[in-house]
Amino acid sequence: MEGAAAALDYDAELMLRVQQGDGASFGVLLGKHRSSVVHFLYRMVQNHAVAEELAQEVFLRVYRSRSTYEPTAKFTTWLFRIATHLALNSLRDGKNERLQEHLDDDTGDLPVRQVSDRRPSVEQTMVYEVKLAEIRQAVAALPEKQRAAVLMHKYEEMEYTQIAGVLSCSESAVKSLLFRAYETLRKRLAHMA
Amino acid sequence: MKCPMETRESAGFLLAYGAGKLDAETTALLERHMGVCQACREFAGHQRAVSAALDAWEAPPVSADFDRRLYQRIEKEVSWWDLLTRPFRPMLVRQGLPVAAAACIMVMAGALLQRPATVEPAAPAESAQLESVQPEQVEHALDAMQMLSDFSHQVRAAANESEM
């Protein structure tokens with residue numbers, strides 16, 4: 001099914017053009033997927049600098065693999081498989097030891113929140129930051145695969161099949177991962193309603 | 001509609017509903033079911049809360065120099081490869097085929113040399129007795145060596161004569 005999807009995948013076509021030496025197509029792919037890859041990695045490792053470094057590595061690997069690339073799956077499945085692999089390795093390599101510190105002091109990474117036209121009050125900002133810290137802690141506490149599955153499902157809006165392709169597991173395993181992950185998150189975040 | 005809470009497979013409907021990703025037809029069916037099922041109603045409510053909470057988590061924008069840094073790395077990588085292959089380039093261009101052939105032969109030779117040496121199994125005592133060297137065999141071997149030596153002298157002498 002993934003193979004059939006890959007046949008119509010415009011990204012895969014672009015990648016095949018990169019394979020033939022078309023550098024501009026690589027630029028198009030980068031422009032299309034830069035943000036989603038960086039944001040996914042940011043939510044995985046919860047450090048902006050590390051996330052960008054990993055994202056650079058993802059695109060570098062894509063570029064390096066151009067000569068051997070075969071569109072056997074959807075391009076984004078392949079792309080996120082590389083990203084997930086690097087994120088999990090980074091977390092296992094101990095870079096996640098710094099994670100807890102960053103959960104507390106990484107607030108410099110936060111985007112400027114635009115609440116209508118007026119600036120949020122100090123109180124609103126503080127409430128938002130506390131809430132955000134709680135969300136980040138809850139996501140960080142999830143087991144790695146559950147975390148990856150939730151982030152792909154929630155923020156990348158990927159289908160179960162595609163998440164299964166990224167995590168190299170069955171669709172029912174993905175459903176189970178998501179069910180458990182959301183169950184944990186519901187326990188920790190439901191009071192925010 | 002069967003209660004989606006009964007299996008994890010169908011609980012996916014509730015997850016999708018909470019994320020606002022369910023199609024209109026299934027949404028209508030699920031909402032009708034939730035009208036009579038308190039467990040599903042609570043589940044969907046909590047799931048919506050989680051989804052809303054996660055929505056609040058915005059990722060910071062990508063650095064403006066992200067692409068520049070990436071292309072620099074790509075450039076550096078290409079430059080390294082270029083630097084490494086530069087001395088061999090004229091040879092590769094002019095003698096690509098012979099070089100490729102020589103490389104193939106070297107790889108094959110390497111593969112052959114890598115093969116583990118065959119170790120003769122230790123001969124049992126009986127065959128050692130049978131294959132032991134007899135005095136007559138030594139004499140024959142010495143005679144043969146003498147004969148070869150004489151033959152060699154004669155050949156060398158004939159060669160010297162022809163040169164003169």
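Does Gln46(A) count as buried or exposed, and how many C-beta neighbours does Gln46(A) have inside 10 Å? Gln46(A) counts as buried because 22 C-beta neighbours lie inside 10 Å, where a residue is called buried if 20 or more other C-beta atoms lie within 10 Å of its own, exposed if 12 or fewer, and partly exposed in between, with C-beta atoms placed from the backbone.

This is a predicted model, in which local features need pLDDT of at least 70 and side-chain atom pairs count only at pLDDT 80 or more, while totals for chains, interfaces and linings use all residues. Residues are numbered from 1 along each chain as its sequence is written, and chains are lettered from A and ligands numbered from 1 in the order in which they are written.

The secondary structure of chain A consists of ten helices and zero strands, with helices (H or I, at least four residues) and strands (E, at least two) taken as DSSP runs and numbered from the N terminus. Of the 193 residues of chain A, 36% count as buried. Among the contacts in chain A between residues at least 6 apart in sequence, 69% join residues at least 24 apart; two residues are in contact if their C-beta atoms, placed from the backbone, lie within 7 Å.

The largest nonpolar core has 61 residues, and those with the most contacts inside it are Leu41(A), Leu54(A), Val58(A), Ala83(A) and Ala149(A). Such a core is a set of buried Ala, Val, Leu, Ile, Met, Phe, Trp, Tyr and Cys residues joined through C-beta atoms within 7 Å. H3(A) supplies the largest share of this core, nine residues. Leaving aside neighbours within four places in sequence, Ala83(A) is in contact with Val37(A), Phe40(A), Leu41(A) and Val58(A).

## Helix pairs around H3(A)

The table sets out two pairs, with axes as lines fitted to C-alpha atoms, for helices over the stretch in contact, and angles running from 0 to 180 degrees between N-to-C directions.

| Pair | Axes come within | Crossing angle |
|---|---|---|
| H3(A) and H5(A) (residues 75-92) | 10 Å | roughly 25° |
| H2(A) (residues 10-19) and H3(A) | 7 Å | roughly 145° |

The angle of roughly 25° makes H3(A) roughly parallel to H5(A), given that angles under 35 degrees count as roughly parallel, over 145 as roughly antiparallel, 65 to 115 as roughly perpendicular and the rest as oblique. H3(A) passes H5(A) in a right-handed crossing, whereas the crossing of H2(A) and H3(A) is left-handed; a crossing is left-handed if the near helix is turned anticlockwise from the far one by less than a right angle, and right-handed if clockwise.

From H2(A), the contact with H3(A) takes Asp11(A), Leu14(A), Met15(A), Arg17(A) and Val18(A), which meet Ser25(A), Phe26(A), Val28(A) and Leu29(A) of H3(A). By class, this contact of H2(A) with H3(A) has six nonpolar, one polar and two charged residues, where Ala, Val, Leu, Ile, Met, Phe, Trp, Tyr, Cys and Pro count as nonpolar, Asp, Glu, Lys and Arg as charged, and the others, Gly among them, as polar.

For H3(A) and H5(A), the contact is made on the H3(A) side by His33(A), Val37(A), Phe40(A), Leu41(A), Met44(A) and Val45(A), and on the H5(A) side by Leu79(A), Phe80(A), Ala83(A), Ala87(A), Ser90(A) and Leu91(A). These residues divide into ten nonpolar, two polar and no charged.

Most residues other than glycine have a negative phi, and most peptide bonds are trans. Gln46(A), in the loop between H3 and H4 of chain A, has a positive phi near 55°. Ser168(A), in the loop between H9 and H10 of chain A, likewise has a positive phi, near 50°, but Ser168(A) counts as exposed, with 10 C-beta neighbours inside 10 Å. Helix H9 (residues 160-167) of chain A, by contrast, is mostly covered, with six of its eight residues buried, namely Tyr160(A), Gln162(A), Ile163(A), Ala164(A), Gly165(A) and Val166(A).

## Chain B and the contact between chains

The contact takes 33 residues from chain A and 27 residues from chain B. On the side of chain A that touches chain B, H3 (23-45), H4 (48-64), H7 (122-140) and H10 (171-189) each supply at least two residues, and the largest share, nine residues, comes from H10(A). By class, this side of chain A has 18 nonpolar, six polar and nine charged residues.

Within chain B, Lys2(B) lies in the segment before helix H1 (8-18) and counts as exposed, with 8 C-beta neighbours inside 10 Å. Lys2(B) and His33(B) are 31 residues apart in sequence and 8.1 Å apart in space, C-alpha to C-alpha.
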